[in-house]
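This report is meant to be read with the sequence and the model side by side.

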Amino acid sequence: MSHKNPPVVIRSKSMRFDTRGSLTAIEDLVQCAICFDRLQNPKMLACQHTFCHGCLEAIFGNSIKGTRECPTCRMTFTAQLSDLPTNLYICSLLKLVGSATDSLSSSPTTCHLEERCVKCEMVSFATEFSSSDKKLFRDCSHCRQKFCQICWTSHMADLTNQLSNLSDQLKNAEECLTHKLDNIKDRMEQLSSHISQFVESQVQELRQKEISAIESAKQMVDEATEKYQTIVDAIESTKKDLNGKIHQMEPDHEASTYFLQMHKKVSDILQDISKWGDIRMIFNEEELRVEINNPECENTDTDEDTLEQEDINPLEDKNTLTKYIISRDFRPKLSWKKCPRPLGIFLAPWIDEIVGEQLLYVAGSDSKIIFAIERKKGRIIHRIFHEEMIYPHSIEISSDSQEIFVSDKWKHCIFVFSRHGELQRMIGSKGDTEGCLRSPEGITLGPDNTIYVCDTGNDRVQCLNRITGQMILQIGQVKKAQLIASAVQKTISKLADLQSPTAIALHGSDIVILDSGHCRVKIFNAFGEKVSEFGKMGTQRGQLKYPEVLTVGIHGFIYLGD
């Protein structure tokens with residue numbers, strides 16, 4: 001990995017140095033992540049992280065054999081501490097910080113043009129240059145520094161040792177890619193099965209609606225045919241009566257009366273024909289049913305629907321609270337960028353002994369570490385990691401037992417640590433049976449020593465015992481065998497249409513679940529029965545596109561991360 005280092009230190013008579021503006025930024029770069037002091041004899045690992053040589057010896061000792069892990073990213077390496085290369089760029093920064101600090105206590109001075117070896121600080125002045133002196137220094141095109149002939153040899157040896165680390169980096173990258181590909185393939189198999197089941201159920205439902213619509217149409221045709229036959233019979237009867245009387249009637253009062261009777265009868269028949277001809281059958285594609293088109297009924301229904309919509313106002317008695325929530329000014333109080341791809345966060349309920357305040361725990365998914373940081377400054381106070389932890393996702397902390405619960409998406413389990421970072425136990429393992437998990441994400445603690453887990457890969461939510469891991473309740477895509485097993489074991493299993501649930505929160509006795517696959521929020525009661533739901537896919541107000549996280553405020557408002 002190449003670095004863009006500062007150019008070779010060449011000073012002229014007119015050149016003056018002011019390091020006050022950059023010292024603060026450089027101090028952050030030359031700080032050791034173990035002792036939090038300025039680096040001493042900086043040694044660089046295969047993952048490019050740099051630590052004091054003395055700090056590495058304090059952690060790993062002087063053992064020759066064995067595999068070690070980087071204290072920051074947990075990447076393994078097998079090189080001996082004595083063979084670790086020196087970070088030349090950090091050495092340059094350390095010298096720059098030292099010289100700048102000294103210069104702050106005295107007034108700036110001017111220097112003659114000189115060339116200096118960056119390692120041993122051998123100097124040659126321009127006034128003393130000869131043809132033989134110029135050959136004493138070599139320019140490195142990699143780090144853009146000057147070295148004398150003696151230091152040049154050791155510098156080339158350091159670069160050669162660093163080349164051997166590239167193979168280890170590629171190997172670790174390949175393992176990471178394999179994890180991701182396996183996760184994608186696993187999810188695609190589940191999605192394929194889910195798609196097939198969904199399409200089959202939709203086809204069956206459509207077939208049933210097709211049969212119902214066709215039967216309804218046939219019934220309408222039968223009713224129309226019956227009405228048609230009634231009118232035809234009336235026409236034939238009227239024609240027969242007219243043909244029998246037309247040549248027998250005398251032009252008198254009786255003929256006039258008969259004419260009026262026949263005229264009314266024919267008018268009624270024609271009116272029936274006129275009404276019967278205006279009725280048209282239409283097919284409602286949205287509801288998949290055949291209806292009789294009646295403009296008057298349509299106008300009436302439209303008016304009633306409009307009135308109903310005008311009357312519906314679910315927030316009518318929460319105006320004051322709604323205005324308060326809307327008027328709040330949400331601004332970030334801390335921007336923390338020391339962890340790649342942070343996921344779950346949680347505020348510890350206890351006061352830390354070192355800083356005397358509550359710490360914010362952050363799940364670093366890519367670094368496989370749980371960071372405990374200060375809320376105001378973002379300084380890292382503690383780190384929690386375990387060799388089996390692969391992809392920490394969500395965090396929950398119990399104030400009663402002072403335990404930290406971490407869901408691991410790729411390990412398919414939940415790690416439980418003490419407040420001091422010691423592993424207490426692991427809940428769950430990979431699978432789709434009761435108590436087993438597949439790619440779990442969101443978690444939240446419930447009453448009576450329970451924990452609710454978004455079993456994302458199995459399209460369900462499970463309520464487990466925090467100590468034993470035994471299942472108490474499950475909601476979602478529950479198989480028939482699991483429903484039977486729940487009835488035998490006297491646990492609760494409720495079938496619900498969930499697809500990739502990613503977040504969960506409790507509010508009173510309600511269970512609020514973010515159904516990310518359907519872009520909806522679904523609310524269930526304590527027995528797993530759905531109470532309500534809202535949302536749909538889209539980009540308009542109230543619609544969701546890629547929802548991932550959810551929480552419920554103290555006033556009962558649901559906050560979504562879309």
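The sections below describe the overall make-up first and then the local features.

## Basis of the description

This is a predicted model, in which local features need pLDDT of at least 70 and side-chain atom pairs count only at pLDDT 80 or more, whereas totals for chains, interfaces and linings use all residues. Residues are numbered from 1 along each chain as its sequence is written, and side-chain values use heavy atoms, with hydrogens and water left out.

## The chain as a whole

The protein chain contains eight helices and 29 strands, where helices (H or I, at least four residues) and strands (E, at least two) are DSSP runs numbered from the N terminus. Of the 562 residues in the protein chain, 35% are buried; buried means under 20% relative accessible area, exposed means over 50%, and partly exposed lies in between, with a 1.4 Å probe and protein chains only.

The accessible surface of the protein chain comes to about 35,100 Å², and 53% of this surface belongs to carbon and sulfur atoms; accessible areas come from the Shrake-Rupley method with a 1.4 Å probe, and for residues only the protein chains shown count as cover. Among contacts (heavy atoms within 4.5 Å) between residues at least 6 apart in sequence, 45% join residues at least 24 apart.

## Strand 17 and its two partners

Strand 17 (residues 413–418) is mostly covered, since six of its six residues are buried. In a regular strand the side chains alternate between the two faces of the sheet. In strand 17, C413, F415 and F417 point one way while I414, V416 and S418 point the other way, and all are buried.

Strand 16 (residues 403–408) runs antiparallel to strand 17 and is joined to strand 17 by six bridges; two strands count as paired if DSSP finds at least two bridges between them. Within this pairing V406 stands opposite F415, and in the hairpin of the two strands, which has four residues between them, H412 takes a positive phi near 60°. On to strand 18, four bridges join strand 17 in an antiparallel arrangement, with R425 of strand 18 as the bridge partner of V416. The hairpin of strand 17 and strand 18 also has four residues between the strands, and there G421 takes a positive phi near 90°.

The loop between strand 16 and strand 17 holds K409, which counts as buried because its relative accessibility is 19%. Leaving aside residues up to four places away in sequence, K409 touches N183, Y391, H393, S439, P440 and E441.

Four strands form an open sheet in the order 11-12-13-14, with antiparallel pairing. Its edge strands are strand 11 (342–347) and strand 14 (380–384), each of which pairs on one side only. Neighbouring strands of this sheet are turned by 25° against each other on average, direction ignored; the axes are lines fitted to C-alpha atoms, for helices over the stretch in contact, and angles run from 0 to 180 degrees between N-to-C directions. Strand 13 (residues 369–373) and strand 14 run antiparallel and are joined by four bridges, and F371 stands opposite R383 in strand 14.

## Helix 2

In helix 2 (residues 53–60) the buried residues are H53, C55, L56 and F60. They lie on the same side of helix 2 because they cover an arc of only 160° around the axis, the arc being that of the directions from the helix axis to the C-beta atoms. These buried residues pack against strand 1 (42–44), strand 2 (50–52), strand 3 (68–69) and strand 4 (76–77). Just after helix 2, G61 takes a positive phi of about 75°.

## Salt bridges

Side chains of opposite charge can pair when their charged atoms come close. The structure holds 17 salt bridges, a salt bridge being a side-chain nitrogen of Lys or Arg within 4 Å of a carboxyl oxygen of Asp or Glu. One of them joins D186 to R438, with the closest N and O atoms 3.2 Å apart. This pair links distant parts of the chain, as D186 is in helix 4 (residues 149–245) and R438 is in the loop between strand 18 (423–427) and strand 19 (443–446), 252 residues apart. Both D186 and R438 are buried, and a network of salt bridges links D186, K430 and R438.

The side chains of K146 and D139 also meet in a salt bridge, at 2.6 Å from N to O, and K146 is buried with a relative accessible area of 8%. In another salt bridge K530 meets E533 at 2.7 Å from N to O; K530 counts as partly exposed at 46% relative accessibility, and E533 counts as partly exposed at 30%.
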